[in-house]
Each structure stands twice: as C-alpha cells, then as structure tokens.
Amino acid sequence: MTSQRRAELLANLARVGERIEEATRTAGRAPGEVTLVVVTKTYPAADVDLLADLGVRHIGENRHPEAGDKHAAVTGDRPLVWHFVGGLQTNKASAVARYADVIESVDRGPLVGALSTGALRAGRDLDCLVQVDLEPEQREVRSGCRPDEVPDLAEAVARADGLRLGGLMALAPLGADPRPAFERLAQLAARLRSEHPDAVVLSAGMSGDLEAGIEAGATHVRIGRAVLGERPRSR
Ligand SMILES: *Cc1c(COP(=O)(O)O)cnc(C)c1O
C-alpha cells in the first residue's frame, strides 16, 4: 500500500539523515555539506515519486534502459537530479545523455567522447565524475579507472564540449575496511582540485560505509538499501 510504503521510506530517510548528520558532525564538517543521492535501482518509479514527495532531490540509477524507463515514468514536473552511477557501455552513452544529469561513472577515454557527442546532440550539459578503482589489482572486473589515469581522464572531460568535470566517484573495496581506500581517494581528490579548482564533488559512501565516506570528505553519498530496503537480487 502506498501510504505504508511512504511511511517506511519516511522512517528510513530519517534514520539515514541522522547518520549523515552525526557523521558530518563527528568529522568536524559543516552541517548540510553532504548531499544524499538515493539509489533506486530495481525499485519502481512509484518509489521515486514517493521519495520526491518526501523531499529527496537526487536519484541514482545504475543501468540503461531501466534508468531511462524510470525517468520517463516519474510523474509531474519533479525537480529531480538524475545520477547515473553504473558501468556505462560506450554505445549507450548517447541514450543516457538524454535523461541523466550527472554521470558518476566516467572511467575511460572513449566514453568521454561518446558522452560529449550525446550531450551535444541532446542540447544538454552533463556533469561528469571520474570513477576511480581504488584497488584495481584486486578486482576481476575493473570498477573505474586506475588512480594514475585520473589526471588525463579528468583533463579529457574538462576539455570536452557539453561536459563539466564535477569531481571523483569511487566504491569502497568489498569486504574490507573502507577507510584506507577512502583516504587514498581523498588524496586523489585534493590533487584533482589543485588542477581543476571547480571539481569539488566527491561521491563516496553507500548504505554500509557512509560514515567512512563522510570522514574522508565525501560531498555526496549514494544510498540504496538503507532507504529502500534490501534489494530482491543484490547488485
Ligand atoms: C547500488 C549502488 C549503490 C547503493 O548501494 P547500497 O549498498 O544499496 O546503499 C551505490 N553506488 C553504486 C555505484 C551502486 O551501484
């Protein structure tokens, strides 16, 4: 029932809001510095509507076409900012450029060109984050560029028509203490800002590790399960 789901989302948002507030205070940072992105993958557009009613402004999705379908199905003139946070195939970049406002998963040069083309065609400007894999040697499937590739990729985004360089995004290593990895991310972010002073976004922290992300300086946390509930099939 909608009213029941609404109450559940409201309670979860309150809990997550408290966690963010507490972590921000503990880190000695100013209140309101951290933006919540609610990752709605696998959940229906009706949940996005409810979240928007409850004041959520930033929605994250990780797959095309699911993300585009949901974007189209959300009702009314919602002032939402749509973040694409998943691995993005080059041949889908143009389609995603039509509805996403922020691409958090820019991890290779060819994708920069494809997103730029898509943004120009759509007549839109896209905010882009360079996704960095903090432990590239430990993963079977790479999730982001290598840390040493960040400067060139960031430069390519900054120079591309229709794209704006926002900053960095990363996932914590699976099943390990996220703090050392997030510390390395913070150093990469500081280095990036010395070259690109406007690239101040740092997207780090999910349901299980948002405190570590905020401690490391995250400006955005990407939260799925802690707001929406456990996904039927986790991904
Ligand atoms: C699913 C997902 C999240 C949210 O993860 P939760 O553990 O559900 O909070 C964050 N970032 C990315 C890239 C995701 O795919």
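View 1. In E8, valine 221 is the bridge partner of leucine 36. The model is predicted: local features need pLDDT of at least 70 and side-chain atom pairs pLDDT 80 or more, while totals for chains, interfaces and linings use all residues. Residues are numbered from 1 along each chain as its sequence is written, and side-chain values use heavy atoms, without hydrogens or water. Strands E1 (residues 35-39) and E8 (residues 220-223) pair in the parallel sense over four bridges; pairing requires at least two DSSP bridges between two strands. Strands (E, at least two residues) and helices (H or I, at least four) are DSSP runs numbered from the N terminus.

**View 2. Strand E1 beside strand E2.** E1 and E2 (residues 58-61) run parallel and are joined by three bridges. Valine 39 stands opposite glycine 60 in E2. From E1 the chain passes through helix H2 (residues 45-53) to E2 in a right-handed β-α-β crossover (clockwise from the first strand over the helix to the second, with the strands pointing away from the viewer).

View 3. The structure holds zero disulfides, a disulfide being two cysteine sulfur atoms within 2.5 Å. The sulfur of cysteine 128 lies 13 Å from the closest cysteine sulfur, in cysteine 145, so the two are too far apart for a bond.
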